[in-house]
Amino acid sequence: MKTLGQIAKYLDGELRGNADVAITRVVHPALVRGPEDLALVLSRSVLELLKQKQVANAVVPAELGPVDVPNFVLVPRPRLALARLLELFERPAYSIEGIHPSAVIDPTAKIGANTSIGPHCWIGPNTEIGTGCRLISNVSIGAEVKIGDQTLVHAGVFIGDRCEVGNYVIIQPNATIGGDGFSFVTPERGSVESVRPNKKTEVTSFNHEIVRVNSIGNVVIEDYVEIGAGTCIDRGTLGETRIGSGSKLDNLVQVGHNANIGRNCLIVAMAGLGGSSKVGDRVVLGGQAGLPDHMVVGDDAVIWAQAGVVGNVPAKQAVASTPAVPMRDFLEREVQLRRLPAMQRQLKELQKAVADLQKELGKG
Amino acid sequence: MRTLGEIAKYVDGKLQGDPAVVITRIVHPALVRGPEDLALVLSGNVLDFLKQTQAANAIAPEELTALDVPNYILVSRPRLALARLLELFERPVYAGEGIHPTAAIDATAKIGEKVSIGPHCWIGPNSTIGTGTRLICNVSVGAEVEIGEKTLLHPGVSVGDRCKIGKRVIIQPNACIGGDGFSFVTAEPGNIEAARQKKQSGQMPSLNSEIVRINSIGNVVIEDDVEIGAGTCIDRGTLGETRIGRGTKIDNLVQIGHNVTVGQNCLIVAQVGMGGSAKVGERVVMGGQAGLPDHMTIGDDSVIVAQAGIPGDVPPRQTIIGSPAMPVREYLQQQMNFRRLPRFNQRLKELEAKVAELEKRLQS
């Protein structure tokens, strides 16, 4: 429970109305039920609801100006205000206190103070977990793993031998950190090698034998990273696979062995990064986008959803489509493609005009 | 720890220098720290590092002929040498010995010799686990499952009732073998059927008012030497089986629908999706994020390029690319045509102007 005054201050917003009103819930304007609810207005389209629901308190974007509500807070950047509001009204994941009796912790593992380890977790030999961490339940952590302080590991997560996870990291359920890399070799020339260099269609050599390349490297996840549910980050073959501090990965993202993701990147759901790919700082990779192995993406680049990258992407470049091209070229192409029927009509008219001209000239 | 002489012999390479040198680590040339490190050179563009780090020992492709390093081994196929090296220097996953007291094993299950079953595993009634197999922890094996010898199941893997897994199979964390197929039917003909029949787009009749479940009573069969990636899901057959052929390697987050058959020695890269009853031949390579609809067939040795969306059966030994996927040559032609569109448009305009000019002259 917070007062409107406290909230306005925390959001760095401008309060109009009564600062002492107590707020117990933050809700969508359509779901307001009483005088202790705070309606969150993110866009103009919900303003009508404020009247219908007789809303007493609202947070409103400054650009929508004063509203007809007894108490409201004007904020410059509503989604940032939402982030701050949900810091105040956070409902943390349920976690037990201390270590659950069913958890199996190797006697050589070191567990920091105030760390919570829930039912059926397993911590392997020589692993170190910092202070204030929470492992919700069914978390499997291998041998010689290092986890920093204040990190939250949700149910069903796996962290493999020798991986390193920083401070204030959040790992969503069922993510896999440190599975083996998809690394194989055919002793003889393989089918892909027979078509790749000259872009041939016909395959002329065959994968009769496949030999495994073991992965003895690890995964390093720096501070303040978030990893989505079901996301898989493979360990390096020899060295490391690294996720830079502050980067956020959505659900079901694939990160191949030896990939290196910079700081503060946003990687949206189902994106795939091939082995040894290198992503700069603050890169945004859209949903279902694909980055092949060994590709390099420069700082601040934006890869559009479902793009298939085919070459290195320079810094600050936005690319879209498969094969991915600069955003402007893509939009230009879309315009051209839509013009095709018109061009066909033009061509027909021209053919007719030329035929008429020929006839005319023939007569003369 | 191995001597250079032993290593040269094991990777079938030519040694220049001292065979008695002891090697403790294999590293990227940039990460060499001492005289017991062996630098792995996969291509010519890392040669500068050898000098910078004063590498004493290296392994390199034979086309580099002479290296400025005291001891080096030349090999004909460096990635194969890497595979062999990592057999020598493998760091096997940590697995406890015997059966952990927290594992729940049904009294009717049969467990072979030298099997390791880690904390919180569950083995259902009448399941059998072969000699030397390892279940790391939190592995769930249903009823009447058969698992062969020397197979490795990583944490969080689930194997459903009646599934069969061969020998020397590796299943990475959180993979799901034998979930129910995504198999439903609408009581009346549904929206997809309407769309398919009429190739209809835009406004659809709302037909899917009742969705009826089709239970899955089949199983999944995984043959010997298969590897399955983290988070990959292989659904059980509706009536029969879903089968993965011997030696096939499947990457992370791959979806394999009910009743699919994948042949031997295929390579299926991350985030590929295969619809129900699809049939993939032998030694097929499917690149990342490629999609194979239900009931489609891919012939032996074909290569499906990453992100391809397959609209029909693929003959053997074909390379296909794009969505809808087509032979490489056609695709390249199409891409070139796209690039020509603006010029094409320009020429059309010029022609129109010329024809108009001619018409005018003829009239006057």
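Guide: Because the model is predicted, local features need pLDDT of at least 70 and side-chain atom pairs count only at pLDDT 80 or more, while totals for chains, interfaces and linings use all residues. Residues are numbered from 1 along each chain as its sequence is written, and chains are lettered from A, with ligands numbered from 1, in the order in which they are written.

Visitor: Why is B:Ile320 called buried?

Guide: A residue is buried if 20 or more other C-beta atoms, placed from the backbone, lie within 10 Å of its own, exposed if 12 or fewer, and partly exposed in between. B:Ile320 has 25 C-beta neighbours inside 10 Å, and therefore counts as buried.

Visitor: What makes B:Gly179 partly exposed?

Guide: B:Gly179 has 15 other C-beta atoms within 10 Å, and so is partly exposed. This glycine lies in strand β20 (residues 176–179) of chain B, where strands (E, at least two residues) and helices (H or I, at least four) are DSSP runs numbered from the N terminus.

Visitor: Which residues is B:Gly179 in contact with, leaving aside its neighbours within four places in sequence?

Guide: Two residues are in contact if their C-beta atoms, placed from the backbone, lie within 7 Å. With those neighbours left aside, B:Gly179 is in contact with B:Gly160, B:Cys233, B:Asp235 and B:Arg236.

Visitor: What makes a set of residues a nonpolar core, and which members of the largest one touch the most other members?

Guide: A nonpolar core is a set of buried Ala, Val, Leu, Ile, Met, Phe, Trp, Tyr and Cys residues joined through C-beta atoms within 7 Å. The largest nonpolar core has 132 residues, of which A:Ile303, B:Ile177 and B:Ile304 touch the most other members. Apart from it lies another core, of 31 residues, among them B:Val32, B:Ala39, B:Val41 and B:Ala58.

Visitor: How do you know that the buried residues of α1(A) lie on the same side?

Guide: The buried residues of helix α1 (residues 4–11) of chain A are A:Leu4, A:Ile7, A:Ala8 and A:Leu11. They cover an arc of only 100° around the axis, and therefore lie on the same side of α1(A), the arc being that of the directions from the helix axis to the C-beta atoms. An α-helix has 3.6 residues a turn, so residues three or four places apart point the same way. The elements against which the buried residues of α1(A) pack include β6 (57–61), β7 (71–75) and α3 (78–88) of chain A.

Visitor: How does the radius of gyration of chain A compare with that of a compact globule of 364 residues?

Guide: The radius of gyration is taken over C-alpha atoms, and the globule rule is 2.2 Å times the number of residues to the power 0.38. For 364 residues a compact globule would have a value near 21 Å, but chain A has 28 Å. The C-alpha trace of chain A spans about 95 × 70 × 30 Å along its principal axes.

Visitor: How many residues of chain B are in contact with chain A, and which element supplies the largest share?

Guide: There are 68 residues of chain B in contact with 63 residues of chain A. The largest share of the side of chain B that touches chain A, 14 residues, comes from α5(B).

Visitor: What is noted about phi at A:His120, and why is A:His120 called buried?

Guide: A:His120 has a positive phi of about 60° although it is not a glycine, and its place is in the loop between β10 (116–117) and β11 (122–123) of chain A. With 20 C-beta neighbours inside 10 Å, A:His120 counts as buried.
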